[in-house]
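Colleague: I have a few questions about how the terms are used here. Let's take them one at a time.

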Amino acid sequence: MGHDTAEWVFVAIVIAVLCYVGVDSWIVQKAVEDVPANAEVIKVTGQQWFWSFEHADGTKEISTLHVKKGHAYVFEIYSRDVMHSFNIPDWVVFEDAVPGHVNHAWFAPDTAGTYPIQCREYCGLLHYNMRGSLVVEDDNAT
Amino acid sequence: MVLELQKPRPVWQIMFSTHHTDVGYLYLVFGIIFLFMGGVLAMIIRTHLFFPGQGVLISDSATFNRIFTVHGLTMLFLFALPVANGIGNILVPIMVRYKDMAYPKLNAIAFWMNPVGAALLWLGFADTTWVSYAPYSIIRAPGPAADMFIFGMKILGVSSILSSINFVVTILKCKHPDLPLRRVPLFAWSMFTVSLMTIIAMPTYAAALIMMLTDRLGLSGFFNPFAGGDPIAYLHLFWFTFHPEVYIFLLPAIGMMYEIIPRFSRKPLYSQASGVFAFVMLGIIGFASWGHHMYSTGMDFTTKVVFMIGTLAAVPASGMHVFNFLATMWGGRIRFAAPMKFAVGGIALFFSAGAGGVLNSAMPLDFITHGTYWVVGHMHLFLIGTIGFGFVGMIYYMFPYVTGRMYNEKLASAHFVLMFWGTVQTFFTQHLLGLEGMPRRVYDYPPEFSSWTTLNQISTIGAWMIGASFAIFLASLIYYSAKGKPANMDDPWGIGGKYYYPVAAKNPHGGHSGY
């Protein structure tokens with residue numbers, strides 16, 4: 001094939017780096033997708049051009065989502081019209097809202113504060129303004 | 001020498017010609033015109049994003065959405081593909097030592113479909129984004145723009161299938177009998193690989209476009225969830241065509257670097273065989289990775305792993321190209337004329353774009369970067385950084401052969417410095433912007449995120465530098481093709497050996513670099 005040793009060594013190093021990237025991604029992603037059993041379900045619905053939320057106890061919210069620090073939550077993500085993408089960048093929550101499908105993402109915030117929520121898949125006219133906020137509150141009850 | 005225009009001909013003689021060099025010129029001029037039209041749109045986008053707050057330059061988001069959609073379509077299908085086809089048309093028949101393309105009339109027809117497709121895309125000015133994901137493109141996108149987009153893409157797709165058939169037949173059947181396929185120069189190999197990929201990939205998208213059209217007309221519901229369809233099916237069909245299409249854009253630029261680098265390094269190519277092997281590998285593996293565009297659509301873990309492996313598998317072959325370039329330059333007496341500067345700059349940016357690509361394909365990191373400005377920066381590093389630099393280098397390289405005159409080396413250097421700096425500043429910054437969480441395809445961003453504003457401004461200034469560099473390019477292309485000094489056609493760059501150029505009928509070294 002016209003290879004000489006230098007090229008084989010180079011290709012071997014590249015493949016070794018890729019194997020490391022692949023195996024490490026596998027391990028991390030496996031851990032990331034392991035939803036805790038006690039996670040509370042929040043229904044998230046995207047539609048042009050806002051997010052609405054429904055908690056397990058039936059409380060509904062629009063654009064602003066309140067959750068408690070130290071609890072795990074799993075999002076059930078729906079779409080009413082076109083494709084959106086539910087994204088909380090600070091907590092690496094990112095999953096598409098696809099009409100006709102239900103997608104899942106989960107997180108367990110451990111610091112209180114207010115974080116932006118946004119849409120990360122082009123969904124038309126006001127895609128840029130499909131923003132909301134996440135309020136993580138201190139849980140005084142426990 | 002076939003390429004030089006000894007006597008200027010009236011333009012209609014070129015327009016109605018079916019000769020491969022004339023069709024090649026038409027493709028090149030067409031591609032360069034649309035490079036500047038798409039570039040103007042890019043300048044508008046970046047200038048608009050300089051400040052947060054609505055209506056900085058464009059007063060409504062509908063216009064902004066249309067502009068970035070047509071910018072993408074123009075750069076991909078009206079600049080990158082035509083320029084690759086143009087240079088392929090000019091050089092491939094010479095490289096395989098045949099008098100013309102296999103089907104000259106089909107070749108001219110394939111070109112003349114391009115202006116029609118371009119007119120549909122530009123007059124429609126759709127807002128679907130170039131990927132035009134269902135169901136937005138079906139149930140929400142305003143017509144007739146979206147329908148014109150479908151017909152325009154259809155025509156351009158048929159055109160690229162026709163020209164691909166022509167390249168494959170020319171290379172396989174019209175090649176000189178004394179020239180074995182493995183010794184065909186690597187640029188022709190790159191055109192051969194991408195033509196085969198086009199023939200395999202494009203019909204899938206053609207089918208998806210028809211399905212999208214009937215969905216829009218309400219006759220069917222393939223991708224419309226409100227009529228029982230599934231938008232994810234569209235994404236699969238789309239990316240099955242357009243991930244290989246990424247390589248279809250990229251490989252001709254790599255092939256052009258294989259033309260430039262050995263000559264300006266005054267050395268034979270390090271390894272023809274590894275170049276051929278890497279092209280074929282990329283051509284095959286390019287079909288194994290489309291799903292990495294869809295990690296976040298609710299894909300299950302196993303599918304994600306399969307597509308991650310398919311994506312990573314393309315990296316060693318890309319690395320072999322880089323190795324081949326560096327090994328060719330190693331120990332060479334390099335002449336850094338404009339084509340070589342652009343080729344070397346292109347390799348550097350190809351390497352950084354590829355490194356970013358590995359991060360994207362790693363599943364957990366993809367959930368940070370996907371759909372953000374990181375992806376915008378990443379794919380522009382390929383599209384401007386590698387493809388743009390390769391093409392511009394090749395245009396400088398062919399300039400004396402086509403016009404018989406020499407461009408100005410100082411202006412070309414200024415073009416290179418501005419374009420390289422601008423590319424790094426614009427698109428490396430956009431990677432950071434993506435890590436800060438800014439989504440792509442946004443008309444506006446909230447002013448309260450001060451880091452977004454700063455990074456956008458740095459990025460915009462870089463984009464202006466790229467714009468300025470291309471103004472220099474356009475001016476010098478026009479001026480020096482009419483008023484430039486006559487080039488020394490045996491050795492335009494003073495490299496020293498006649499056999500370094502494509503004009504040589506035979507390479508006295510008997511090796512890899514002449515044909």
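Modeller: Start with the contact between the chains, which takes 42 residues from chain A and 45 residues from chain B. Bear in mind that this is a predicted model.

Colleague: What makes a pair of residues count as a contact?

Modeller: Their C-beta atoms, placed from the backbone, must lie within 7 Å. On that test, 42 residues of chain A and 45 residues of chain B take part.

Colleague: Which elements of chain A each supply at least two residues of the side that touches chain B?

Modeller: They are α1 (5–32), β7 and β9. The largest share, 13 residues, comes from α1(A).

Colleague: How many residues of that side are nonpolar, polar and charged?

Modeller: The side of chain A that touches chain B has 23 nonpolar, 12 polar and 7 charged residues. Gly counts as polar in that tally.

Colleague: What confidence does the predictor give the complex?

Modeller: The ipTM is 0.92 and the pTM is 0.93. For chain B, the mean pLDDT is 91, and 94% of its residues reach 70 or more. Residues 503–515 of chain B have a pLDDT below 50. Beyond near neighbours in sequence, that stretch has 23 contacts in the model. Where pLDDT is low, the predicted coordinates should not be read in detail.

Colleague: Now chain A. What are its domains?

Modeller: The assignment gives domain 1 (1–34) and domain 2 (40–137). Their centres, taken over C-alpha atoms, are separated by 35 Å.

Colleague: Why are β4 and β7 of chain A said to stand at the edges?

Modeller: Take the open sheet of 5 strands, with the order β4-β10-β9-β6-β7 (chain A) and mixed pairing. β4 (64–68) and β7 (93–97) of chain A each have a single partner strand, so one side of each is left without a neighbour in the sheet. From one strand to the next, the twist averages 20°.

Colleague: How do you know that β6 and β7 of chain A pair?

Modeller: Pairing needs at least two bridges. Strand β6 (residues 84–88) of chain A is joined to β7(A) by 5 bridges, and the two run antiparallel. Ile88(A) stands opposite Val93(A) in β7(A). The two strands, β6(A) and β7(A), form a hairpin with 4 residues between them. In the turn, Val92(A) has a positive phi of about 50°.

Colleague: And how do β9 and β10 of chain A pair?

Modeller: In the antiparallel sense, over 5 bridges between β9 (residues 113–119) and β10 (residues 132–137) of chain A. Ile117(A) stands opposite Gly132(A) in β10(A).

Colleague: Why is β7(A) called largely enclosed?

Modeller: A residue is buried if 20 or more other C-beta atoms lie within 10 Å of its own. In β7(A), 5 of the 5 residues are buried, so the strand is largely enclosed by the rest of the structure.

Colleague: What makes β3 and β8 of chain A edge strands?

Modeller: Another open sheet has 5 strands in the order β3-β2-β1-β5-β8 (chain A), again with mixed pairing. β3 (60–62) and β8 (103–107) of chain A each pair on one side only. The twist here averages 25° from one strand to the next.

Colleague: Which strand is joined to β8(A) by 5 bridges?

Modeller: Strand β5 (residues 73–79) of chain A, running antiparallel to β8(A). The bridge partner of Ile77(A) in β8(A) is Asn103(A). By the burial count, 4 of the 5 residues of β8(A) are buried, so β8(A) is largely enclosed by the rest of the structure.

Methods:
Residues numbered from 1 in each chain as written. Chains lettered and ligands numbered in written order. Predicted model: local features only at pLDDT ≥ 70, side-chain atom pairs only at ≥ 80, totals over all residues. Axes fitted to C-alpha atoms, helices over the stretch in contact; angles between N-to-C directions. pLDDT = per-residue confidence, 0-100. Contact = placed C-beta atoms within 7 Å. Buried ≥ 20, exposed ≤ 12 C-beta atoms within 10 Å, placed from the backbone. Domains from an automatic or database assignment.
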